[in-house]
Amino acid sequence: MNLSEAVFSDEPTRVRQLVSEFLSGQSGALVGTDGLDVQLSAGADARDDCAVYDIGSPMSLVVGSDYIRGPKFILHEMGLLSDFDIGYYLAAANISDVAAMGATPIGLLSVVRYPHELDDAGFRQVMAGIHQGCTDFGTLNVGGDIGNAERLILAGTALGVCPPGKVLRRHGARPGDLLCLTGPCGLLGAAVAYFPKRDSFAGRLPEETEQRLLDSWKRPRARVAEGQLLSRKPYATSCQDTSDGLKATVEQIMQASEVGFRVVEQDVPIDPAVRAVAELMNVEPLALAMSASSDFQLAFTVAPDDLAACRESFTASGLDFHVIGEATEKGEAEAVHNGTSRPLPGVAWKHQKSDISLLAASSPDA
């Protein structure tokens with residue numbers, strides 16, 4: 001489509017079209033689970049200032065907010081991710097925080113600020129991505145804020161509920177607890193490390209490997225089912241998602257729980273695509289897998305006596321996890337290989353000014 005064919009509606013028109021296409025039929029929906037009585041009595045289709053929930057049973061309300069769009073969302077800037085993709089990512093990023101607390105998502109409030117250059121088709125794709133992400137994770141986009149800005153900016157607030165006293169927290173790990181992980185980390189960080197510098201490497205990755213890296217950004221998975229299981233069963237002593245990267249997650253649980261961690265290097269799952277990028281970058285695969293990356297796996301701790309029952313529950317639900325280490329009394333995180341220990345490799349995300357690709361590539365242990 002050329003510019004002369006593009007349509008640019010005003011904000012009220014876009015909101016009106018949005019409500020009819022993606023947000024209709026919400027009011028009156030039952031959004032609670034496991035006996036939690038929650039009804040969305042006024043959804044986005046009501047066109048009021050706020051969504052209204054009627055809560056009829058005791059429960060804990062879990063609320064998390066995340067801003068995900070800025071000038072460093074580099075794969076979108078490069079045209080490798082669509083407007084739909086970043087809308088989907090917004091939903092996943094926010095719902096992942098709720099999932100990490102063991103809560104059932106009951107709604108997402110989204111902030112969509114867009115430049116005048118974004119036509120109706122592009123705007124619709126952002127909203128369609130948010131809608132699809134919410135649908136895939138079993139919840140609704142119940143409104144928020146829409147308006148102009150100097151560039152496309154997205155933020156969200158996810159709402160979730162769980163039975164009283166069942167919220168998963170970062171603190172609670174005890175020495176001797178086993179450190180578990182729902183799946184490989186580092187794919188999203190590896191994608192950002194690879195694509196901006198693709199032409200500078202000695203070779204290119206196979207097309208299927210490149211697609212694997214891009215798909216990690218296009219359809220990230222918030223671990224709602226895993227979080228719900230860990231919340232409902234008395235297994236997890238601590239839990240957090242890995243949206244800052246695995247190293248940062250381990251360090252944050254360590255600090256909150258006032259324990260140390262010993263990570264067994266050969267037990268950390270590493271995706272083949274991460275290994276392939278690490279080889280091109282001439283860095284250690286484990287360092288890249290643990291470095292800054294926006295993965296949404298869950299890292300959690302379990303008492304050794306509860307491990308078998310926890311694994312049985314996961315298997316019965318079609319889920320899986322890896323045991324990658326244990327908590328220690330020593331207040332530091334270390335990696336162990338063949339009896340030799342060292343600080344955890346990789347670079348943790350700490351909101352540095354540098355890009356994730358530089359963080360991964362500059363690992364002191366790589």
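A residue is called buried if its relative accessible area is under 20%, exposed if over 50%, and partly exposed in between, using a 1.4 Å probe and protein chains only. The model is predicted, so that local features need pLDDT of at least 70 and side-chain atom pairs count only at pLDDT 80 or more, while totals for chains, interfaces and linings use all residues. Residues are numbered from 1 along each chain as its sequence is written, and side-chain values use heavy atoms, with hydrogens and water left out.

Helices (H or I, at least four residues) and strands (E, at least two) are DSSP runs numbered from the N terminus. Strand β9, residues 236–241, has six of its six residues buried, so it is largely enclosed by the rest of the structure. Two strands count as paired if DSSP finds at least two bridges between them, and β9 is joined by five bridges to strand β11 (residues 298–302), the two running antiparallel. Within this pairing, D241 has L298 of β11 as its bridge partner.

Helix α4 covers residues 120–136, and its 17 residues reach 24 Å from the first C-alpha to the last, close to the 24 Å expected at 1.5 Å a residue, where the expected span is 1.5 Å times one less than the number of residues. Buried residues of α4 include F123, V126, M127 and I130. After α4 comes G138, whose phi is positive, near 75 degrees.

Rings of Phe, Tyr and Trp (its six-membered ring) pair if their centres lie within 6.5 Å, with planes under 30 degrees apart counted as stacked, over 60 as edge-to-face and the rest as tilted. By this rule there are nine aromatic pairs. One of them joins Y194 and F195 edge-to-face, at 4.9 Å centre to centre and 70 degrees between the planes, and both of these residues are buried. The rings of F314 and F321 have centres 4.9 Å apart and planes at 80 degrees, so this pair is edge-to-face; both F314 and F321 are buried. The charged end of R311 sits over the ring of F321, 4.2 Å from its centre, a charge being over a ring if NZ of Lys or CZ of Arg is within 6 Å of the ring centre and within 35 degrees of the ring normal.

For the chain as a whole, there are twelve helices and 14 strands, and 55% of the 366 residues count as buried.
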